[in-house]
Amino acid sequence: MTTYPGNPFPLGATWDGQGVNFALYAENAIRIELCLFHSTTDEEAYATIRIEDRTSNVWHIYLPDAQPGLLYGYRIHGHYHPSDGHRFNPNKLLLDPYAKAISGIIHWDDALFGYEPGDAAEDLSFNESDSAAFISRCVVIDHNFDWENDQSPQTPYHQSIIYEMHVKGFTKLHPDIPENIRGTYKGLAHPATVEYLKALGITAVELMPVHHFIADRHLVDVGLTNYWGYNSISFFAPDAKYAAASGAGEQVNEFKEMVKVLHAAGIEVILDVVYNHTAESNQMGPTLSFKGIDNAVYYRLAENKRYYMDYTGTGNTLNAQLPNVLRLIMDSLRYWITEMHVDGFRFDLAATLARELHEVNRLSAFFDIIHQDPVISQVKLIAEPWDIGEGGYQVGKFPPGWAEWNGKYRDSIRDYWRGADSSLAEFASRFTGSADLYKDDYRKPTASINFITAHDGFTLQDLVSYNNKHNEANKENNQDGESDNHSWNCGAEGPSDDAAVNSLRARQKRNFIATLLLSQGIPMLLAGDETGRTQRGNNNAYCQDNDISWLHWENIDQDLLRFTQKVIALRQQHPAFRRKRWFRGAPVEGMEVEDIAWFKPAGHQMSDEDWDTGFARSLGVYLNGQSLRLQGPKGETITDNSFYIIFNAHHEALEFKLPDAKYSQQWKILLNTDLEEDEQQYQAADTVKAAARSIVLLLAVS
């Protein structure tokens with residue numbers, strides 16, 4: 001076979017129209033072989049080519065006349081000295097870290113391990129079994145795609161409504177989508193999906209991991225799988241399991257088509273990305289890619305280099321301190337933006353990426369590189385601001401330019417509505433954007449991604465239906481998953497025939513949704529919460545690729561869906577609920593009243609002592625729509641109506657006295673989570689009755 005030296009850049013397999021260039025970073029390797037296959041089922045390569053050329057630790061070769069669709073993998077020769085961090089084993093066919101597509105799935109077998117499973121020496125032993133029959137193949141792709149002038153919606157943060165969803169679970173049971181494309185990228189691009197998202201008012205979908213991932217062996221062995229996808233083995237390849245097309249590499253164009261369709265509907269695509277670890281686990285894990293290519297320069301190793309630093313609970317941690325790993329992450333991010341047209345990223349366990357030595361360092365190289373990058377710095381960057389390591393809880397500590405999943409918001413709002421002992425000050429802080437977490441760093445309310453529920457934990461339906469987790473289906477004796485859920489079952493555990501219990505649950509769901517969407521910050525809604533989706537009390541359904549996790553479209557709670565659509569529409573119509581600037585709590589120049597004011601039910605403003613009363617459950621808040629300090633794109637001043645919101649988390653109905661006439665002469669009710677119809681116009685200082693555990697939103701009409 002004719003070969004040329006090729007080039008060390010770009011990394012990966014790149015087709016230039018005449019042939020394919022292969023480039024692989026492997027600093028400590030002694031010899032590298034490129035293996036070519038006709039199909040994913042071939043146990044032996046039809047060609048094995050030794051790569052002779054090496055430039056600055058990058059091994060490279062060019063194959064003239066090679067075409068897209070070519071299947072390949074690598075075999076890497078070097079020292080097998082686990083105690084020194086080296087785990088080279090040429091008997092293992094390895095995936096290219098820069099592969100743009102992967103074909104086939106892994107079939108678990110002992111041959112996939114660099115050591116002999118069951119050997120008394122454990123990972124110090126050496127496994128001579130060939131793994132080619134059991135591992136996937138990398139695919140050379142054609143990057144050409146007709147984007148038809150696709151443009152990102154570039155929705156400003158303060159106008160965003162984020163919807164966390166699973167590619168498969170959202171459409172797998174959708175009756176209006178053809179069965180052969182349910183659960184796929186094509187299913188998400190189907191008109192039924194797009195129309196639903198638009199009618200709901202969603203501006204961005206946040207897709208759970210779509211980087212190619214692997215089902216853990218211990219799950220497969222007990223008849224389960226990795227459903228969520230936080231087990232990546234490739235950071236460039238969209239997972240083929242979510243593609244309706246079956247041809248090698250066709251998942252790439254199917255993903256692009258999905259993005260193009262969603263963009264045309266004004267919906268952004270944000271990816272949940274997992275750059276903190278890989279699917280190769282610790283020293284007892286398989287050798288699939290990085291571990292066999294150059295273990296010591298991809299992973300964070302302990303002082304005894306046989307072992308891995310584990311800040312993620314998955315067995316390993318990618319070493320983002322090293323230039324080649326940083327480059328891998330940045331190249332991946334750039335690729336998904338420039339080639340796949342995605343609009344942002346949510347970084348799983350983001351604190352791990354910021355660790356310098358053992359401490360989380362907000363000035364780490366990871367942040368420095370992102371902020372200076374002219375491509376990555378311009379998209380939405382969202383952190384899950386914690387990991388399991390010491391000092392890993394970093395809510396409020398990420399740099400300007402980042403938004404964060406606000407776990408304190410989630411816990412505070414849950415505690416308020418379940419009646420737990422907590423201060424009104426904490427509730428008020430979370431409702432107004434969490435200034436205590438973000439303001440001192442010159443960040444805005446949009447730094448806070450507010451959420452009540454997410455993939456990890458109870459759904460909204462289960463949050464109001466269960467006090468305890470019920471994870472028996474995970475086959476871990478209900479030991480997995482968080483035990484402290486800040487939940488309340490409203491008087492019965494699980495499904496109930498009690499009308500009073502079900503009525504209260506329905507009202508509590510409306511309370512949570514209304515609180516989320518009326519809060520300052522960026523709301524994130526978990527897919528299916530607006531329809532009453534349940535996981536039957538399972539708060540850790542990571543391994544449930546079945547009807548526990550999928551949306552049941554035939555059981556939609558239409559009343560809750562309409563309510564959610566209504567509140568989203570209110571938020572989008574009124575900038576008073578999505579401010580770009582912090583409240584001052586004082587009169588704005590030229591105005592008599594404050595931009596925000598807090599009241600007790602009796603109509604008096606809250607005192608300092610009132611804020612820290614643990615038993616208090618009820619308050620009112622005035623939002624001044626004339627004091628937004630907000631300008632439009634042409635510098636025009638933007639104002640809004642003013643609002644008064646009554647929050648009553650007390651177990652009994654309460655009467656609330658409206659503010660005096662300087663705030664508004666008249667008020668009318670726009671929203672009541674008790675669903676009581678009330679067309680009456682209220683005068684200043686009139687009394688409004690709020691049902692037990694309810695929200696009443698009033699609009700100032702004069």
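What follows is a list of things to select, with a note on what sits at each stop.

Before you click: this is a predicted model, where local features need pLDDT of at least 70, side-chain atom pairs count only at pLDDT 80 or more, and totals for chains, interfaces and linings use all residues. Residues are numbered from 1 along each chain as its sequence is written, and side-chain values use heavy atoms, with hydrogens and water left out.

Stop 1: Select F22, F345 and F347. In the largest nonpolar core, which has 175 residues, these touch the most other members. A nonpolar core here is a set of buried Ala, Val, Leu, Ile, Met, Phe, Trp, Tyr and Cys residues joined through side-chain atoms within 4.5 Å; buried means under 20% relative accessible area, exposed over 50%, and partly exposed in between (1.4 Å probe, protein chains only). (Helices are DSSP runs of H or I with at least four residues, strands are E runs of at least two, and both are numbered from the N terminus.)

Zoom in on F345. Skipping neighbours within four places in sequence, F345 contacts I270, L271, V273, L333, W336, I337, V379, K380, L381 and I382, where contact means heavy atoms within 4.5 Å. There's also a second, separate core of 18 residues, with A204, I382, W386 and A403 among them.

**Stop 2: aromatic pairs.** How many aromatic pairs does a search of the whole structure find? It turns up 49. Rings of Phe, Tyr and Trp (its six-membered ring) pair if their centres lie within 6.5 Å; planes under 30 degrees apart count as stacked, over 60 as edge-to-face and the rest as tilted.

Select Y185 and Y242: with ring centres 6.1 Å apart and planes at 90 degrees, the pair is edge-to-face. Y185 is in helix α2 (residues 185-188) and Y242 in the loop between α4 (217-220) and α5 (250-264), so the pair ties together parts 57 residues apart in sequence. Y185 is buried at 0% relative accessible area, and Y242 is buried at 4%.

Next, F427 and F431. Their ring centres are 6.3 Å apart and their planes at 10 degrees, so this pair is stacked. Both lie in helix α10 (residues 424-431), 4 residues apart, about one turn of the helix. F427 is buried at 1% and F431 at 2%.

**Stop 3: a helix crossing.** Select α3 (residues 191-200) and α14 (residues 558-573). Their axes come within 8 Å and cross at roughly 60 degrees. Y196, A199 and L200 in α3 meet L561, T564, Q565 and I568 in α14. By class, that contact has 5 nonpolar, 2 polar and no charged residues.

Stop 4: Most residues other than glycine have a negative phi, and most peptide bonds are trans. Go to F9 and P10: the peptide bond between them is cis, with omega near -5 degrees. P10 sits in the segment before β1 (12-15).

Then pick D65, a non-glycine residue with a positive phi, near 75 degrees. D65 is in the loop between β6 (58-64) and β7 (71-77) and is exposed at 63% relative accessibility.

Terms used
Axes fitted to C-alpha atoms, helices over the stretch in contact; angles between N-to-C directions. Nonpolar A, V, L, I, M, F, W, Y, C, P; charged D, E, K, R; others polar.
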